[in-house]
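Please look over the structure below. A set of questions and answers on it comes after.

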Amino acid sequence: MYAYSQPTQLRNLGFNSVEKRRSGLDFRAAPPRAVKGLQVSAILGFKKAPPCTMEEVSRSEVGEVTKFFVEAFFVDGKECSPTARRSLETGQRNDMSSRYTDPRKEESVMLCMRDNETGEVMACVGLEAARFSGQDQTSPYMFVKDEDLQIRPVVANLAVGREGRRFGLAKKLMAECEAQCKEWGYDEILLFVESTNTRAKKLYGKLGYRRAWIKKDATAMKVTEDGYLTDEQVELWCMRKSLKPGLFGLLGM
């Protein structure tokens, strides 16, 4: 798991195809680059990545993606009671629907990767242009003075199922989110991750994200050892990546 919880032109992803449903357009990705000699996966004995497709999640598919996200992110092999699972799925479905598939929100999207043979979801991510007052993300219904309000793109709900890990799916989804931010006209992208999630921080660091600020009093829902839910106090890192071209982007400005 990677996430905390959160185009007109889609880039070449190295997968069979990319679907853009909201616009009704279909962008075909170029075939993967040919590699001379043996593949690294063959040399090391790794399993080969299954052919998969990146697509935009429609409102009717949010329930399916929600179940995948709960299993891949919250449960991830742990025991989870039916009551806890239902509670997580209901909460996440409502949250994802309002954040990513509300037709009134123009700058929001949810993406998933599907196995071409089985049609099953292998990974997912959400991206939205969110309201900020200083370092606090605010509800669309909360009043904020115009001089204090900022709109900044936030990526969240990134998760990769166990069968899809170590194939670079998270990197592909993050790259597409960054490309979408540029299409929307933003020159930065933000995300939040728990300070104890070393694996996720390492991934984001490799992708060029740097810590912007720390939120020490955040609350996160967790699945306990006996399979029930509890709220825990956590420390969150806000990580930011500059999308500016050239030297400004490299310097994180």
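The questions below concern a predicted model and go from the chain as a whole to single contacts.

Q: How many helices and strands does the secondary structure of the protein chain come to?
A: The model is predicted. The protein chain has 253 residues, of which 48% count as buried. Its accessible surface is about 14000 Å², with 52% belonging to carbon and sulfur atoms. The secondary structure comes to 6 helices and 10 strands.

Q: Is strand β3 largely enclosed by the rest of the structure, or exposed?
A: From β3, C52, M54 and E56 point one way and T53 and E55 the other way, and all are buried. That makes 5 of the 5 residues of the strand (residues 52-56) buried, so β3 is largely enclosed by the rest of the structure.

Q: Which residue in β4 does E55 stand opposite?
A: Strand β4 covers residues 108-115 and is joined to β3 by 5 bridges. The two strands run antiparallel. In this pairing, the residue of β4 opposite E55 is C112.

Q: How many residues apart in sequence are the parts that R114 and E55 tie together?
A: R114 forms a salt bridge with E55, and their closest N and O atoms are 2.6 Å apart. R114 is buried at a relative accessible area of 11%, and E55 is buried at 5%. R114 lies in strand β4 and E55 in strand β3, so the pair ties together parts whose separation in sequence is 59 residues.

Q: Which residues do salt bridges that share partners join into one network?
A: The structure holds 17 salt bridges. One of them is between R114 and E55. Salt bridges that share partners join these two into one network with E61 and E64, so that its members are E55, E61, E64 and R114.

Q: At 35% relative accessibility, is E71 buried, exposed or partly exposed?
A: E71 in helix α2 (residues 62-75) is linked to R85 in helix α3 (residues 82-100) by a salt bridge of 2.6 Å between the closest N and O atoms. R85, at 25% relative accessibility, counts as partly exposed. Buried means under 20% and exposed over 50%. At 35%, E71 therefore counts as partly exposed.

Q: Is R104 buried or exposed?
A: The side chains of D102 and R104 meet in a salt bridge of 2.9 Å, N to O. D102 is buried, with a relative accessible area of 12%. R104 has a relative accessible area of 68% and is exposed.

Q: Are the rings of F132 and W213 stacked or edge-to-face?
A: F132 also pairs with F192, stacked at 6.5 Å centre to centre and 15° between the planes. In the pair with W213, the ring centres are 6.4 Å apart and the planes stand at 75°. Planes over 60 degrees apart count as edge-to-face, so the pair of F132 and W213 is edge-to-face.

Q: Which ring does the charged end of R211 sit over?
A: K201 lies over the face of W237, at 3.9 Å from the ring centre. The charged end of R211 is 4.9 Å from the centre of a ring, and that ring belongs to W237.

Q: Which residue just after α4 takes a positive phi?
A: Helix α4 (residues 169-184) has 16 residues and reaches 23 Å from its first C-alpha to its last, close to the 22 Å expected. Its buried residues include L169, L173 and W184. Just after the helix, a positive phi of about 100° is taken by G185.

Conventions
Residues are numbered from 1 along each chain as its sequence is written. This is a predicted model: local features need pLDDT of at least 70, side-chain atom pairs count only at pLDDT 80 or more; totals for chains, interfaces and linings use all residues. Side-chain values use heavy atoms; hydrogens and water are left out. Helices (H or I, at least four residues) and strands (E, at least two) are DSSP runs, numbered from the N terminus. The expected span of a helix is 1.5 Å times one less than its number of residues. Buried means under 20% relative accessible area, exposed over 50%, partly exposed in between (1.4 Å probe, protein chains only). Rings of Phe, Tyr and Trp (its six-membered ring) pair if their centres lie within 6.5 Å; planes under 30 degrees apart count as stacked, over 60 as edge-to-face and the rest as tilted. A charge sits over a ring if NZ of Lys or CZ of Arg is within 6 Å of the ring centre and within 35 degrees of the ring normal. Accessible areas come from the Shrake-Rupley method with a 1.4 Å probe; for residues, only the protein chains shown count as cover. Two strands pair if DSSP finds at least two bridges between them. A salt bridge is a side-chain nitrogen of Lys or Arg within 4 Å of a carboxyl oxygen of Asp or Glu.
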